[in-house]
Amino acid sequence: MTDDPELERRFARLREEEAAGAPAFGPLLRRPAPAVSRSRPGRGLVWLAVAALLVIIVGIATRRPGRIPERELLAMASPEWRGPTDFLLVLPDNQALRSVPRLGAVDLDWRIP
Amino acid sequence: MSREELERELERLHPAAFGWALSCCRGERTAAEDALQATYLKILDGRARYEGRSSLKTWVFGVLRRTALEERRREGGWLREPLSLLVGRAGHDQPEPDAGLLRSEESRRLLTALERLPARQREVLHLVFYQDLTIAEAAEVSGVGLGTARTHYARGKAALRRMLETMR
């Protein structure tokens with residue numbers, strides 16, 4: 001007798017239902033023992049799943065980040081990096097564009113034809 | 001005890017043993033029948049010997065529990081839970097639908113709630129409420145200490161009550 005009559009009642013009902021569906025003792029004892037599992041996933045299937053999982057994990061771990069070689073990536077990250085078409089941007093007045101003119105300063109060069 | 005006497009005792013315990021086998025095999029009827037047969041053969045062949053240190057029922061249930069565990073490990077059962085999580089098994093916490101048994105809605109709810117408990121709590125509750133064992137006998141079958149079994153019993157019972165309340 002337990003301290004919970006409600007659970008006792010529920011379990012008793014479950015017990016009756018399962019006892020009614022129990023296989024007969026004699027035939028169960030005397031039937032041939034199964035050599036391999038029946039209607040259960042076989043060990044082979046389980047190992048196949050494990051192998052597939054390992055292949056996926058190894059594939060992700062060894063994946064190359066991209067087609068750009070590492071030295072190129074490092075060069076692009078550097079502030080000194082120059083693009084291959086930078087020469088097209090070199091203009092005659094580049095120096096003037098990069099400097100701030102001083103008040104009163106005169107540059108005679110551009111007035112001489 | 002002679003083989004014939006053993007066989008008679010096993011037949012007497014058979015309905016209860018089937019219920020315990022179902023519990024050990026998470027409701028899978030085929031696995032339960034296989035484990036039960038393997039246990040009977042082990043006992044009758046003398047590979048498992050009853051030495052009278054406990055009641056016959058307690059001893060048989062202990063052998064059955066270990067046999068079901070061995071069978072489950074051999075069939076890759078230790079991988080079943082993580083694999084089922086990966087492939088997203090529908091109704092993960094549902095026992096095998098009825099296992100060919102006629103079950104009432106109330107019993108299905110009870111089994112669903114039991115399935116959500118940790119294995120040790122589920123075992124102790126089954127052994128005490130379903131099999132009418134004492135907590136001490138349940139501890140012996142489960143291979144745990146008496147104090148541990150009492151803890152599993154108290155916590156399992158409280159959790160089971162809570163789940164059954166929410167399922168109303």
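Good morning, colleagues. The model is predicted, so local features need pLDDT of at least 70 and side-chain atom pairs count only at pLDDT 80 or more, whereas totals for chains, interfaces and linings use all residues. Residues are numbered from 1 along each chain as its sequence is written, chains are lettered from A and ligands numbered from 1 in the order in which they are written, and side-chain values use heavy atoms, with hydrogens and water left out.

I begin with the fold of chain B. Its secondary structure comprises eight helices and zero strands; helices (H or I, at least four residues) and strands (E, at least two) are DSSP runs, numbered from the N terminus. Of the 168 residues in chain B, 54% count as buried, where buried means under 20% relative accessible area, exposed over 50%, and partly exposed in between (1.4 Å probe, protein chains only). If we take contacts (heavy atoms within 4.5 Å) in chain B between residues at least 6 apart in sequence, 63% join residues at least 24 apart.

B:E123 lies in helix α6 of chain B. Is B:E123 buried or exposed? B:E123 is buried, because its relative accessible area is 13%. Leaving aside residues up to four places away in sequence, B:E123 touches B:W20, B:R65 and B:S142.

I turn now to the interface. Chain B contributes 47 residues to the contact and chain A contributes 37 residues. Together the two chains bury about 4,000 Å², with 59% of it on carbon and sulfur atoms; buried area is the accessible area (1.4 Å probe) that two parts lose on being put together, summed over both. On the chain B side, B:Q37, B:F129 and B:Y130 lose the most area to chain A, together 18% of what that side buries.

How many salt bridges does the rule find across the interface of chain B and chain A? It finds eight, a salt bridge being a side-chain nitrogen of Lys or Arg within 4 Å of a carboxyl oxygen of Asp or Glu. The side chains of A:R30 and B:E7 form a salt bridge at 2.7 Å, N to O.

Which helices of chain B supply at least two residues each to the side that touches chain A? They are α1 (3-24), α2 (29-44), α4 (77-87), α5 (105-115), α6 (119-130) and α8 (146-166). Helix α2(B) gives the most to that side, with ten residues.

Thank you for your attention.
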